[in-house]
Amino acid sequence: MLQEICSDNSALGLKWNAAYILSYFGFYGFPSKLGRRIGKALDENEFADTRLILAKGESMSVHGVILAIRCPSLLPPEELSHDEKASDGSSGRCAVDKQYGKFKKEIRLSSHVDNQALAKLLEFIYLGYLHAGDEHVKKLKILAKHCSLQPLSTMLGKRRPKWGTLFPIYDLTPSLAPTGHPKETESICWKCRACSLSLPHMHAH
């Protein structure tokens, strides 16, 4: 019932309180239908374009666009601004091509990042919530703080929420914004995998 309250957008005032109670059972976050659908991609490497490499050589394949929207602190500044660099001609390759799997970004993480804590953090980033035991909470709190995930830090610290506090919304629509692209379409390096049209466009159902 508490998880249903966390998923119910009509119970806005109760969501934080339900999440607060659930934190004592090891559940942190706000489940949603979209989060559950996107969460399925966490275990699929087919469209993953970014690899997170830990100090011990272990690695995890993730989707750069999801990190950029849900947890941009995990990406280095140059990765977030590569569109602007490509649009002014300073990059030899087309930024759009990179987004479609022809480019794989490797990000080396600090030796302080724990493998299990990172896996749990990615679970929260993709699903919008996670389930963790007490043995993971301490490392997760440190990681969430460094990644500027304030709502998760609040829940991991089991701090009682203030009534009316805004809760995080699972929203991926910013990924559709044409950030970094100039208005003049002629100057954009564009290559479609489905057809020969050279102007920016989308194939949809």
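Is isoleucine 21 buried, partly exposed or exposed, and what is its relative accessible area? Isoleucine 21 is partly exposed, at a relative accessible area of 40%; buried means under 20%, exposed over 50% and partly exposed in between (1.4 Å probe, protein chains only). The views below come from a predicted model, in which local features need pLDDT of at least 70, side-chain atom pairs count only at pLDDT 80 or more, and totals for chains, interfaces and linings use all residues. Residues are numbered from 1 along each chain as its sequence is written, and side-chain values use heavy atoms, with hydrogens and water left out.

**View 1. The protein chain as a whole.** The chain has 10 helices and 5 strands; helices (H or I, at least four residues) and strands (E, at least two) are DSSP runs, numbered from the N terminus. Of its 205 residues, 41% are buried. The chain exposes about 12900 Å², 55% of it supplied by carbon and sulfur atoms (Shrake-Rupley method, 1.4 Å probe; for residues, only the protein chains shown count as cover).

**View 2. A nonpolar surface patch that includes isoleucine 21.** Ile21, Tyr24 and Phe25 form the patch, with about 340 Å² of accessible area together. Ile21 lies in helix α2 (residues 12-22). Patch residues have over 30% relative accessible area and no salt bridge; like charges are joined within 9 Å, and nonpolar side chains (Val, Leu, Ile, Met, Phe, Trp, Tyr) within 5 Å. A salt bridge is a side-chain nitrogen of Lys or Arg within 4 Å of a carboxyl oxygen of Asp or Glu.

**View 3. Strands β2 and β4.** Strand β2 (residues 50-53) runs parallel to β4 and is joined to it by 4 bridges; pairing requires at least two DSSP bridges. Isoleucine 53 has arginine 108 of β4 as its bridge partner.

View 4. Leucine 121, in helix α8 (residues 115-127), is buried, with a relative accessible area of 0%. Apart from neighbours within four places in sequence, Leu121 is in contact (heavy atoms within 4.5 Å) with Leu74, Leu140, Leu143, Ala144, Cys147, Leu149 and Leu152. The C-alpha atoms of Leu121 and Leu152 are 9.3 Å apart, with the two residues 31 apart along the chain.

View 5. The whole structure contains 0 disulfides, a disulfide being a pair of cysteine sulfur atoms within 2.5 Å. For cysteine 192, the nearest cysteine sulfur is that of cysteine 195, 3.9 Å away. Cysteine 192 is buried, at 17% relative accessible area, while cysteine 195 is partly exposed, at 32%.
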